[in-house]
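Have the sequence and the coordinates open as you read.

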Amino acid sequence: MPRNFIRRYTPDAEKVRNHKHLQFLGSHLHAYDLWHLNRESVAKGFAVGFFWALVPIPMQMIFASISAILWRANLPISFALVWITNPLTIVPVFYLLYLLGSWMIGADAMDLPADVSIDWFRAVLSEIWLPLVIGSLTGTVIAGFIGYYGIHLLWRLHVVKRWKQSRLRLKNRHSASKRPSVKR
């Protein structure tokens with residue numbers, strides 16, 4: 001996997017462990033899997049991040065971080081993937097989840113107005129909460145599975161590709177050494 005890319009954009013584990021506002025976590029931030037880039041911790045990190053990104057609550061990063069600590073998932077990846085739902089994507093993502101929930105319970109879906117605002121959301125929350133919750137729970141489970149098993153699959157494909165490239169280089173090197181030398 002692209003470890004150098006991930007390492008470039010993740011914070012230093014020591015700086016995070018020693019941050020004054022995180023001291024209440026004590027030794028929980030010292031778990032090896034929270035910071036190491038191995039197949040299992042990265043897959044768990046993707047599952048946790050994708051899961052919490054689709055939960056329609058505030059402070060998703062806090063819940064993703066706590067879940068990463070509890071499940072020994074890669075903490076920076078879990079934390080970062082929550083930003084799939086950001087100020088630019090939150091309305092379309094949660095509207096799609098609402099549509100999914102409406103479809104699942106057989107309810108008529110409300111059209112999205114052109115001027116979505118917090119006030120509009122508060123006004124219609126009593127009507128949309130059940131389809132939104134059902135769609136979000138379904139989406140979180142699906143996204144978590146896709147994140148976990150997708151990373152395992154991609155990681156394995158990458159390892160197999162690297163192994164084949166290595167064998168090919170070794171074979172080419174071996175066949176080059178067996179060629180007879182030409183005397184002039």
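## Aromatic pairs

Y149 has 49% relative accessibility, so Y149 counts as partly exposed (buried means under 20% relative accessible area, exposed over 50%, partly exposed in between, with a 1.4 Å probe and protein chains only). This is a predicted model, in which local features need pLDDT of at least 70 and side-chain atom pairs count only at pLDDT 80 or more, while totals for chains, interfaces and linings use all residues. Residues are numbered from 1 along each chain as its sequence is written, and side-chain values use heavy atoms, with hydrogens and water left out.

Six aromatic pairs turn up in a search of the whole structure (rings of Phe, Tyr and Trp, the last by its six-membered ring, pair if their centres lie within 6.5 Å; planes under 30 degrees apart are stacked, over 60 edge-to-face and the rest tilted). The ring centres of Y95 and Y98 are 5.9 Å apart with planes at 35 degrees, so this pair is tilted. The rings of Y148 and Y149 have centres 4.9 Å apart and planes at 90 degrees, so they are edge-to-face. Ring pairs also join F51, W52 and F63 into a cluster.

Y98 is buried, at 6% relative accessibility. S102 is found in helix α6 (helices are DSSP runs of H or I, at least four residues, and strands of E, at least two, numbered from the N terminus). S102 is also buried, at 1%, and touches A107, A109 and P131, not counting residues up to four places away in sequence (contact means heavy atoms within 4.5 Å).
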